[in-house]
Amino acid sequence: MILDIKNLSVAFGRGALRAVDSVDLQMQGGKIGIVGESGSGKSTLGRAIMRLLPPTARVTADRMAFEGRELLTLPEREMRAMRGNRMALIMQDPRYSLNPVLPIGRQVAETAILHKGLGKAEARDAAAAMLERVRIRDVARVMKAYPHQISGGMGQRVMIAAMLLARPKLVIADEPTSALDVSVRGEVLELLEDLVVADGASLLLISHDIRMVAAFCDRMVIMFKGRVVETLDRLEDAEHPYTRALIAAMPDARHPMHRLRVPDRSTFEEATR
Amino acid sequence: MTTIPMTPPARKGAFRRFLTDLAREPLGLAGAIVVAALVLIALFAPLLAPYPPAEQSLTDALLAPSAAHWLGTDEYGRDILSRLIWGARVTMRTVLSVTAIVGPIGLLIGVTAGFFGGRIDAVLMRATDVVLSFPSLVLALAFAAAMGAGLGTAIIAISLTAWPPIARLARAEALVVRNADYVSAARVYGASKWRLLFLYVTPMCLPSVVVRLTLNMAVITLTAASLGFLGLGAQPPLPEWGAMISAGRKFMLDQWWVALMPGVAILITSLAFNVLGDALRDILDPRHTRD
């Protein structure tokens, strides 16, 4: 079992409101998508697994085990050895998630230096090889470039290279394509899939785009107001009104319609209660 | 793959870009030229000064500016131009020493406080507040009086009171930067707190600290001159601009040049630092660019 979560809840500050509420999630491998609207707690869930939430967050769980090790009680030092090495998180916007004052090559090499104990020269070679794997054409030039000098799609591929260099077993991708231009989204997703499959890793894809997740993942978990409302293998099996509303809010090539339906909140808020 | 160090060409390009940026700011360029000239004057004082700075000649006392003594002579017949040139050394030494002490200390304290937050922040910032609440000249005076007057104590005394604004500024910057996505991204790939602090947060705080330090140089020049004026800075016969004004005060009405010339030197120096600091802010901080 890669990931075994039982009854995970996250609350912030003194508030009684739970951002993530009694979530169970088991992952054997493969690709799982977490879908929900803004504020449904999907990103918080991803960060809770990495233990990256700010100190004001109160995280409780009956069990939160990664590869059989309980994460909640793990000392920060061991957690740090795990991050980037066994588990990785790919963030939304490469423009903000790359250090603006470090050249790309140096940044990708960070993981190699931190987790593989490589020297500077070896780490640079490893970084160059990894950049090649994410299909960057002019590796030598990109290595020397600074983040503001490359495009968004390239930036996200650099981010993926940095995060996957140590070949982690669990990759959490938090809206990896939403900051990108539509034309490069598919490309980046495909690349992510190829790398994850090649390394035998598991992927937790967090997104609001239910159709994209349905096409891409083996299983999807629908979240609403911090709770898991439904777990599906196929979009057609959707029963919960919230899931249906999400599906109806996206255009479908097979059933073109003049005007998309805006979700009627009262129906599914009732059903969630 | 060969490993060629890539920083030198990049840095050279950046430096050249910096120069072209500076050339677009006429006022800033003028400030930079004046500061550069002052540094050169300080470095080559023995070659540039027409007379030895402490050479007395009582027959030539209090001469008005002339071809032999461009800026006149003081009450002991010492050439004022030569004393100003040698005085540039004293001023530059003070300014650079104070900056070299204050910059790293303020940066370290501020960035640490801002990045770690919580109790560390509270302790460091209360200490900063305590120092900040002292009037700097008074503290420097007390310190110089207690330790004995001299250039060394003046430098330490000014440094004591000059770091808190830098620390405040660095803290404010660190507070913003520590929440940036790329800092969490670095945490995601397992960077330790110290690595985050020095590799990810501190470099982003540097530009504003550099600007602040440059602007600070003007204040340091004035404080050093004030201490000199009060007799608590560099001691005679060392030519110090503030002390020169103090000595010339007695002859203000009849021999105006004795007090005026060092005053002009102080004015030009602090103005140049101010203008340069302003231009640096415009160049280093894209949010301030004029169109």
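## Getting to know chain B

From the N terminus on, chain B of this predicted model runs α-α-α-α-α-α-α-α-α-α-α. Let's work through it.

**Exercise 1.** Work out how many helices and how many strands chain B has.

*Solution.* Start with the tally: chain B comes to 11 helices and zero strands. Next, look at its extent: the C-alpha trace spans about 75 × 45 × 40 Å along its principal axes. Now for burial: 41% of the 291 residues of chain B count as buried. Finally, take the contacts in chain B with a separation of 6 or more: 68% of them come from residues 24 or more positions apart.

**Exercise 2.** Describe how α4(B) passes α11(B), and find which residues make the contact.

*Solution.* First, locate the pair: α4 covers residues 80–116 of chain B, and α11 covers residues 257–284 of chain B. Their axes come within 11 Å and cross at roughly 35°. The crossing is right-handed. On the α4(B) side, the contact uses I80(B), L84(B), G87(B) and T91(B). From α11(B) come W257(B), V258(B), M261(B), P262(B), A265(B) and T269(B). Sort these contact residues by class and you get seven nonpolar, three polar and no charged.

**Exercise 3.** Find how many residues of chain A are in contact with chain B, and sort them by class.

*Solution.* Count both sides: 28 residues of chain A touch 19 residues of chain B. Then see where they sit in chain A: the elements giving two or more residues include α2 (76–82), β7 (87–90) and α5 (120–133). Last, the classes: the chain A side has 15 nonpolar, six polar and seven charged residues.

Notes:
Residues are numbered from 1 along each chain as its sequence is written. Chains are lettered from A and ligands numbered from 1 in the order in which they are written. This is a predicted model: local features need pLDDT of at least 70, side-chain atom pairs count only at pLDDT 80 or more; totals for chains, interfaces and linings use all residues. Axes are lines fitted to C-alpha atoms, for helices over the stretch in contact, and angles run from 0 to 180 degrees between N-to-C directions. Helices (H or I, at least four residues) and strands (E, at least two) are DSSP runs, numbered from the N terminus. A crossing is left-handed if the near helix is turned anticlockwise from the far one by less than a right angle, and right-handed if clockwise. Two residues are in contact if their C-beta atoms, placed from the backbone, lie within 7 Å. Ala, Val, Leu, Ile, Met, Phe, Trp, Tyr, Cys and Pro count as nonpolar, Asp, Glu, Lys and Arg as charged, and the others, Gly among them, as polar. A residue is buried if 20 or more other C-beta atoms lie within 10 Å of its own, exposed if 12 or fewer, and partly exposed in between; C-beta atoms are placed from the backbone.
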